[in-house]
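Here is a friendly walk through one protein, in questions and answers. Keep the structure open beside the text as you read.

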Amino acid sequence: MSVEIKIQHALKKYGENTIIPDLSLDIRPGEFFTLLGPSGCGKTTLLRMIAGFNSIEGGDFYFGEKRINDLDPSKRNIGMVFQNYAIFPHYTVRKNVEFGLKNRHLPKEEIAKKTDEFLKLMQIDQLADRMPDRLSGGQQQRVALARALCISPDVLLMDEPLSNLDAKLRVEMRTVIKNIQHDVGITCVYVTHDQEEAMAVSDRIAVMNAGVIQHVGNPKNIYQRPANVFVATFIGRTNMLNGKLCMENGKTMLNINGYSAELLTVADEYKADQEVQISVRPEELLLNRDENAYGMKGTVQDAVFLGLNTHYFVKLDSGEDVEIIQESSIEDTLSQGARISLTVNTDKVNVFLADGSKNILTGVKNDLEV
């Protein structure tokens with residue numbers, strides 16, 4: 001069974017220090033939902049409030065129609081997977097997985113059946129009699145997952161579960177976690193600071209900063225049309241440039257360092273002369289080897305050939321530094337000191353108010369505002 005999680009005006013304080021000032025969120029039944037943000041943004045605090053491990057100073061938390069604010073963690077029917085796995089070192093793999101089932105005083109036959117089912121599901125049935133100190137990090141994480149899921153929880157909560165694994169194993173385990181969640185159909189709330197990990201596993205992501213949710217949406221929407229400058233700079237790499245929006249003969253023109261291009265995607269209420277901030281992903285800066293071609297002028301500072309792509313680091317004549325990712329070609333890689341011209345892909349560029357608080361283009365989908 002999976003449930004909807006509703007959070008209404010959550011408040012979390014430690015003494016006079018407010019960690020989460022006023023947070024509301026709806027997580028759909030069966031959804032893989034990720035809380036993403038930098039260290040200290042409040043994502044783990046919110047997860048622990050859902051679990052019942054942290055007190056709630058204000059607001060309401062619901063699993064379906066049931067208010068859970070004052071419900072003991074053991075009564076919330078949650079599965080929890082921690083950063084450090086938290087499996088019992090003196091128990092075998094089988095006994096670790098059985099633990100929650102025995103605490104529920106289920107019949108021995110049912111305990112054995114469910115344990116076998118999840119050992120096989122997590123592909124660790126051949127390790128059933130092994131002790132944790134003889135397991136790899138990935139194997140230990142599979143044990144923790146099996147233990148959390150075998151009690152048939154309504155909600156699976158995961159706090160940075162892959163951060164202790166090496167890079168290759170992290171990629172492998174995030175695929176395992178996503179597939180298992182999809183097969184079981186459980187509502188999952190996942191905490192991470194790793195943007196790539198969040199993009200790979202999530203149905204939807206909530207980007208947090210200083211206890212406030214900035215943007216809620218699916219990975220593609222958040223990447224392509226971030227709600228504000230914080231989201232644009234936190235999700236993936238981007239170049240931030242200063243520029244101006246100008247109305248010229250009924251057209252909305254974007255001016256950056258002497259380069260001008262028409263923007264067709266500015267929302268009507270923002271079509272006015274104003275200072276703006278511009279986010280251009282490295283792959284959306286278009287490089288021309290002819291310095292005299294129309295565009296922003298700059299000098300190559302460094303070039304890194306990475307097979308499929310070449311990364312160029314360029315100092316614009318305005319003094320701003322930008323990164324460009326270009327598909328590698330048979331042409332020679334540009335050397336340090338080469339003069340170039342740059343234009344932008346205006347279909348993919350993002351434009352924000354001067355204070356960075358809002359994306360002024362059409363197509364921004366933020367579920368917080370629905």
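Q: What makes a residue buried rather than exposed here?
A: A residue is buried when its relative accessible area is under 20%, and exposed when that area is over 50%. Please keep in mind that this is a predicted model.

Q: How do you know whether L157 is buried or exposed?
A: The relative accessible area of L157 is 0%. The limit for buried is under 20%, so L157 is buried. L157 is found in strand β7.

Q: What does L157 touch, leaving out residues up to four places away in sequence?
A: L157 touches L47, I50, A51, I78, G79, M80, V81 and V189. As for V191, 34 residues along the chain from L157, the C-alpha atoms of the two are separated by 8.2 Å.

Q: Why is T252 called buried?
A: T252 has a relative accessibility of 4%. Buried means under 20%, so T252 counts as buried. T252 is part of strand β12, residues 251-256. Its contacts, not counting residues up to four places away in sequence, are L245, C246, M247, A261, E262, L263, V266 and K271.

Q: How do you know whether H9 is buried or exposed?
A: H9 has a relative accessible area of 52%. Exposed means over 50%, so H9 is exposed. H9 sits in strand β1, residues 5-14, and its phi is near 55 degrees, a positive value in a residue other than glycine.

Q: What makes N77 buried?
A: N77 has a relative accessible area of 17%. The limit is under 20%, so N77 counts as buried. N77 is in the loop between β5 (66-67) and β6 (78-81). N77 also has a positive phi of about 55 degrees, although it is not a glycine.

Q: What makes a group of residues a nonpolar core?
A: The members are buried residues of the kinds Ala, Val, Leu, Ile, Met, Phe, Trp, Tyr and Cys, joined through side-chain atoms within 4.5 Å. The largest such core in this protein has 36 residues, and I124, L145, L156 and M158 have the most contacts inside it. At least two residues each come from α2 (93-103), α3 (108-121), α4 (137-149), β7 (155-159), α5 (167-184) and β8 (187-192). With six residues, α4 gives the most to this core. There is also a second, separate core of 32 residues, which includes A261, L263, Y312 and V351.

Q: Which residues is M158 in contact with, leaving aside its neighbours within four places in sequence?
A: M158 is in contact with L47, V81, L145, I177, C188, V189, Y190 and V191.

Q: Why are α4 and α5 described by that particular word for their orientation, and which word is it?
A: The two helices pack at an angle of about 15 degrees, with their axes 11 Å apart. Angles under 35 degrees count as roughly parallel, so α4 and α5 are roughly parallel to each other. The contact involves G137, G138, Q141, R142, L145 and L149 of α4, together with L169, E172, M173, V176, I177 and I180 of α5. By class, the contact of α4 with α5 has seven nonpolar, three polar and two charged residues. The crossing of α4 past α5 is right-handed.

Q: Why are α2 and α3 called oblique to each other?
A: The axes of α2 and α3 cross at roughly 125 degrees and come within 10 Å. What remains is oblique, so α2 and α3 are oblique to each other. The contact is made by V93, R94, V97, E98, L101 and K102 of α2 and I111, K114, T115, D116 and L119 of α3. These residues divide into five nonpolar, one polar and five charged.

Q: Which residues of α2 are buried, and what do they pack against?
A: V93, N96, V97, E98, G100 and L101 are the buried residues of α2. They pack against α3 and α4. Just after α2, H105 takes a positive phi of about 55 degrees.

Q: How many helices and strands does the protein have?
A: The protein has eight helices and 20 strands. Of its 370 residues, 49% are buried.

Definitions and conventions:
Residues numbered from 1 in each chain as written. Predicted model: local features only at pLDDT ≥ 70, side-chain atom pairs only at ≥ 80, totals over all residues. Heavy atoms only, no water. Buried < 20%, exposed > 50% of the residue type's maximum accessible area, 1.4 Å probe, protein only. Helix = DSSP H or I, 4+ residues; strand = E, 2+ residues; numbered from the N terminus. Contact = heavy atoms within 4.5 Å. Axes fitted to C-alpha atoms, helices over the stretch in contact; angles between N-to-C directions. Parallel < 35°, antiparallel > 145°, perpendicular 65-115°, else oblique. Left-handed = near helix turned anticlockwise from the far one by under 90°. Nonpolar A, V, L, I, M, F, W, Y, C, P; charged D, E, K, R; others polar.
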